[in-house]
Amino acid sequence: MHTPVTISIITPCYNGARYIRETLQSALTQTHPPLEVIVIDDGSTDDSATLAEAAGPSVRVVRQPNQGESVARNRGIAEARGSHVLFLDADDLLEPESLSRLAAAIEGRPDAVAVMGCGWFTSDPSSVSSVQQTTHAAFFPGVIGANLGPIHSWLTPTRILRSVGGFAGTISLFEDWDLWWRVAFEGVDLVPVEVVGAKYRLHAQSQMTTTKRTDRARGHVVLMTRMARRFLERQDLLDRHAKVLFWSVWASVMHARETGVGWDELAPTSEVLRQVAVKASRPLRGTLMAYAVRLLGARIATALQRRPLRPA
């Protein structure tokens, strides 16, 4: 007998009064009702918490001083009573059958994580500007080079989120991607669900709109450095995925340089890239660029090129 999937939806909220009612309505009208919706009011100065409390008995509001989304989500993970967690930001939406499709995909599979497709919209959720749908049947190597889905596309066992320590409070960009690669290191299965059940709202205050290109490049470098360091501790995974890892870290460095990030700032990442080239198995070690990075370092290897190399 397996334990049924019960879902805690975690919604971090900071001054989200404009959209919070619509967001909670999409959560509460699921064909597979959530066990609970936990709204972490992260020091809002508007009436977000009051609106959330009025949404019904399935919504539990936890108030805390403003500490940022990652801390708020981690508070939700600690509070969650469901077997699984789905994160839903206070301005985003779910399609009515999202939880049903996700839960069905991993029913009886306690070590599996499900991810569905997402559509981006501005004012009308039925009119999406673009769609992301993962087709990866496993975390690796896909999660090395890309975030496989926005944060509210995922259904994850609560115990796994707690096992990896939740979100890293030390980073402010790509914190969800950072979480998923750490989940991947737990050896769990990835189950893609062929439905566009998550809707991401684009507006003037959304992170995607407000983050500068240089800051995104910096965030990407930090993410890749953290990931590569973990791979260096796992020779088995490094042997299997060194080529993808090397070129993904390389691409993050090249993009950062294109946006004006200096080599001094990139020194930790350059050193991690060199270590990957040193510890990797023969398929990567035999490439010209890995050889140059191993002997000369990323900065000098780059200077020797006439143009940036592209990942193979």
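In this predicted model, Ile300 has a relative accessible area of 44% and is therefore partly exposed. The term applies because the value lies between the limit for buried residues, under 20%, and that for exposed residues, over 50%. Ile300 belongs to helix α14, which spans residues 298–303.

The surroundings of Ile300 may be considered next. Together with Leu288, Tyr291, Leu295, Leu296 and Leu304, Ile300 forms a nonpolar patch on the surface. The accessible area of these residues together is about 650 Å². The element that gives the most to this patch is helix α13, residues 288–296, which supplies four residues.

Strand β6 pairs with several other strands. With strand β9, residues 189–201, β6 pairs in the parallel sense, and ten bridges connect the two. Within this pairing, Met116 is placed opposite Val193 of β9.

The pairing of β6 with strand β8, residues 154–157, is antiparallel and consists of two bridges. Cys118 has Gln132 in β7 as its bridge partner.

Conventions
Residues are numbered from 1 along each chain as its sequence is written. This is a predicted model: local features need pLDDT of at least 70, side-chain atom pairs count only at pLDDT 80 or more; totals for chains, interfaces and linings use all residues. Side-chain values use heavy atoms; hydrogens and water are left out. Patches are made of residues with over 30% relative accessible area and no salt bridge: like charges are joined within 9 Å, nonpolar side chains (Val, Leu, Ile, Met, Phe, Trp, Tyr) within 5 Å. Accessible areas come from the Shrake-Rupley method with a 1.4 Å probe; for residues, only the protein chains shown count as cover. A salt bridge is a side-chain nitrogen of Lys or Arg within 4 Å of a carboxyl oxygen of Asp or Glu. Buried means under 20% relative accessible area, exposed over 50%, partly exposed in between (1.4 Å probe, protein chains only). Two strands pair if DSSP finds at least two bridges between them.
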